[in-house]
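Hi,

Here is the structure you were waiting for. Have a look at it first, and then read on for what turned up in it.

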Amino acid sequence: MAESRKPLGKRGNLPPLELYVPEPKFRPGDKADFTYIDAPPAGAQARPDEGCAAIETSALCYDLVRVLDDDHRAVGPWDPKLDPDTLRQMLRTMALTRAFDERMYRGQRQGKTSFYMKCTGEEATSVAAAYALASDDMVFPSYRQQGILLARGYPLIEMINQIYSNRGDKLKGRQLPIMYSARDFSFFTISGNLATQYPQAVGWAMASASRGDTRIAASWIGEGSTAEGDFHAALTFATVYNAPVVFNVVNNQWAISSFSGFAGAERTTFAARAIGYGVAGLRVDGNDALAVYAATQWAANRARSNQGPSLIEHFTYRVEGHSTSDDPGQYRSAREAEEWPLGDPIMRLKRHLITLGEWSEDQHEAMDRELAEQVKAATKEAEKNGILGHGLHHPFHTMFEDVYEELPWHLEEQAEQAIRERRTKWPEWKE
Amino acid sequence: MTQEESPVSLHDAPTRRLNMIEAINDALDIMMARDPDVIIMGEDVGYFGGVFRATAGLQKKYGKTRVFDTPINECGIIGAAVGMGAYGLRPVPEIQFADYIYPGLDQLISEAARLRYRSAGEFIAPLTVRSPFGGGIFGGQTHSQSPEALFTHVAGLKTVIPATPHDAKGLLIAAIEDNDPVIFFEPKRIYNGPFDGYYDKPVKPWNTHDDSVVPEGYYKIPLGKARVVREGEALTVLAYGTMVHVATAVCAEKGVDAEIIDLRTLVPIDIETVEKSVQKTGRCMVVHEATRTSGFGAELSALVQERCFYHLEAPIERVTGFDTPYPHSLEWAYFPGPVRIGEALDRLLGGK
């Protein structure tokens, strides 16, 4: 007999228990006030030796490694002291990433593809990191690291072919737009499932170590999906086997409509997760390309010299919606982006170069125009291979290929069915 | 990495009598020696050699970086194996019990199974995930399950289940060399002897069984090829793993001239052998230990119905475990044993 469960009476003088459900500070219509974010002065953070014990990075897990100061100078022990050419290249790649995002976003709105994801405001977390890694270090990205491909010189047209799922798409139109794969550029196939790439990066790093290779692995994840079990699996395996891997957590504050509090951000930092595993942790200003570069270089050197894994939390802000299928105006204050206290990564690097006397507003404008043209030209070229839903897809039979190395009988039968259906609907059709 | 060898004539090769664990250990040993890319990982597989001893002696022989223990985290085991496969290794992870594989399912279903497809062949997952499965050892609900249908439902995975030491060795070698992810379920009830379904009779060891004669050295049994265990005219029995032996024993006991087919590979299934047999006998019984609803027997039954309908002289019989968790004290009430199989045979043959 089921009895209805009644709340028990008070236990002594204790108040009743209360379930806490996190709530972001600002909702649509609210003024965004980020004064609660403690942005420490640039240059004030110590830089421990790359081979230090993980515990020695504890303080940095609650701090924020910053290099660019309010006067746009690079200061402090984390200054990577990059030459102006490298700085300009990094700036250019970040600007290219933004120009590419703009164009692809527009293409989606024009119906050329189904889906797109921008990384506006987060360009440094992939571009600067890619510059600090070796070009053959294996990266296991999440879905907002297009900057890595651009930093490694992956052809724009290949990216656009993939986004359009057209005849030129070397993934044969099988993957959602932006889920790239580029083995020749040491860029692992993007899943679309969250956090799965984290333990895979560890496995790759373990394999590299077991072979006496010199290449390391790096992986990216959003702060929201650090809640997945894969995150725990990856950190545990990495520390157990001292795997040469760099974990990146891009804390852009939002996971679709769920703010970082739903991944535990109200209680601690994401970098601090590392310490519990005995992994080195760094928390960096993700909108400061030089800080991102320096932290990645530190972690990469540590991994490459058998000193073990690191986790870098990139504290940044997702300026745009989660994807083209999202409308952030429904759940967060529109003022957040402009009030974000750590600025814009491209603007900050640009001002740094101008301060150094190595760049100018005119040069920057000219560069932006040139990049827009470059992306436009690549887009036009890619469109010759078709856009989504306009017939220039891969032959039907390819749908059944690569499920297995060899086509088993049941897929051969199903392929015949698919082709027959096509002929029935379009009798004049030729492959 | 594997060098090409001229096919060994199994008749000429020297043989040994092995139980199934020894045969599996032998296959792993041979593949570790042949291919430096093969690595073994899993809970307790290293120094200790595995809770069922399948990896005994291998760490000592091949070193800690090729045979090693892992944290108790199946997601991590499979996930790391996917990454190792992407690097170019050929991992053979062990999941200690099939019942423990569920935390690794996302890495198997969404990752290993899809890697080749989603990257158009840029990355592959040549894993062989070994795992003991099935009940009949008083393992309770978390050491007895047969979850094969979860994997046969996934495009991109192959599912292999041996029924004899001879097949276990040859199939495991083929699975490891296969460039697709293979789920290799080992029926743990028959690790040490071919179980006939009579739990109340003394256990027979493998060394009295013909299929414990295992050729030495390297040989493969191709995936996707069934074995006709016994030719017969009265009906076709489709089974795999432990149930091959149980069904064979019950048919013999009842004097039924059954054609018994050990499927060996569930995906891709050897449909030709199945069709040919059912078209000959006109009757079909499907047997598995797993729960009934949406079990692999449902797929087998549908395939036979679709392809052999006009040859069938009686409805297809499905003999399975019940749709309950595997109970500890009542495990023999769950198990599709001689009585359940016998009843189905009577229905199929209609007193013939």
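Confidence first: this is a predicted model, and chain B averages a pLDDT of 95, with 96% of its residues scoring at least 70. The stretch to be careful with is residues 1-7 of chain B, where pLDDT stays under 50. For those residues the model has seven contacts beyond four places in sequence. Where pLDDT is low, the predicted coordinates should not be read in detail. For the model as a whole, ipTM is 0.96 and pTM is 0.96.

Now to how the two chains meet. On chain B, 35 residues are in contact with 36 residues of chain A. Which elements of chain B give two or more residues to that side? They are α3 (74-87), α4 (105-112) and α5 (115-118). The largest share comes from α3(B), with 10 residues. Sorted by class, the side of chain B that touches chain A has 17 nonpolar, 12 polar and six charged residues.

Chain B itself is assigned two domains, domain 1 (15-215) and domain 2 (227-349). Their C-alpha centres are 24 Å apart, and 30 residues of domain 1 of chain B are in contact with 30 residues of domain 2 of chain B. On the domain 1 side of that contact, α6 (148-152), β6 (158-160) and α7 (165-177) of chain B each supply at least two residues. That side is made up of 14 nonpolar, 11 polar and five charged residues.

Chain A is also divided into two domains, with domain 1 covering 54-383 and domain 2 covering 396-425. In chain A the C-alpha centres of the two domains lie 38 Å apart.

Two packed helices are described by the angle between their axes and the distance between the axes.

The pair to start with is α2 (residues 84-109) and α11 (residues 345-355) of chain A. Their angle is about 150 degrees, and their axes are 10 Å apart. Angles over 145 degrees count as roughly antiparallel, so α2(A) is roughly antiparallel to α11(A). The crossing of α2(A) past α11(A) is left-handed. If you want to display the contact, select A:Pro84, A:Leu87, A:Arg88, A:Met90, A:Leu91, A:Met94, A:Ala95 and A:Arg98 on α2(A). Their partners on α11(A) are A:Pro345, A:Ile346, A:Leu349, A:Lys350 and A:Leu353. By class, this contact has 10 nonpolar and three charged residues, and no polar ones.

The other pair is α6 (residues 197-210) and α7 (residues 229-240) of chain A. Are these two roughly parallel or roughly antiparallel? They pack at an angle of about 20 degrees, with axes 7 Å apart. Angles under 35 degrees count as roughly parallel, so α6(A) is roughly parallel to α7(A). The crossing of α6(A) and α7(A) is left-handed. From α6(A), the contact uses A:Tyr198, A:Pro199 and A:Val202. These meet A:Asp230, A:Phe231, A:Ala233, A:Ala234, A:Phe237 and A:Ala238 of α7(A). The residues in this contact divide into eight nonpolar, no polar and one charged.

Happy to go through any of this with you.

Best wishes

Definitions and conventions:
Residues numbered from 1 in each chain as written. Chains lettered and ligands numbered in written order. Predicted model: local features only at pLDDT ≥ 70, side-chain atom pairs only at ≥ 80, totals over all residues. Axes fitted to C-alpha atoms, helices over the stretch in contact; angles between N-to-C directions. Helix = DSSP H or I, 4+ residues; strand = E, 2+ residues; numbered from the N terminus. Parallel < 35°, antiparallel > 145°, perpendicular 65-115°, else oblique. Left-handed = near helix turned anticlockwise from the far one by under 90°. Contact = placed C-beta atoms within 7 Å. Nonpolar A, V, L, I, M, F, W, Y, C, P; charged D, E, K, R; others polar. Domains from an automatic or database assignment. pLDDT = per-residue confidence, 0-100.
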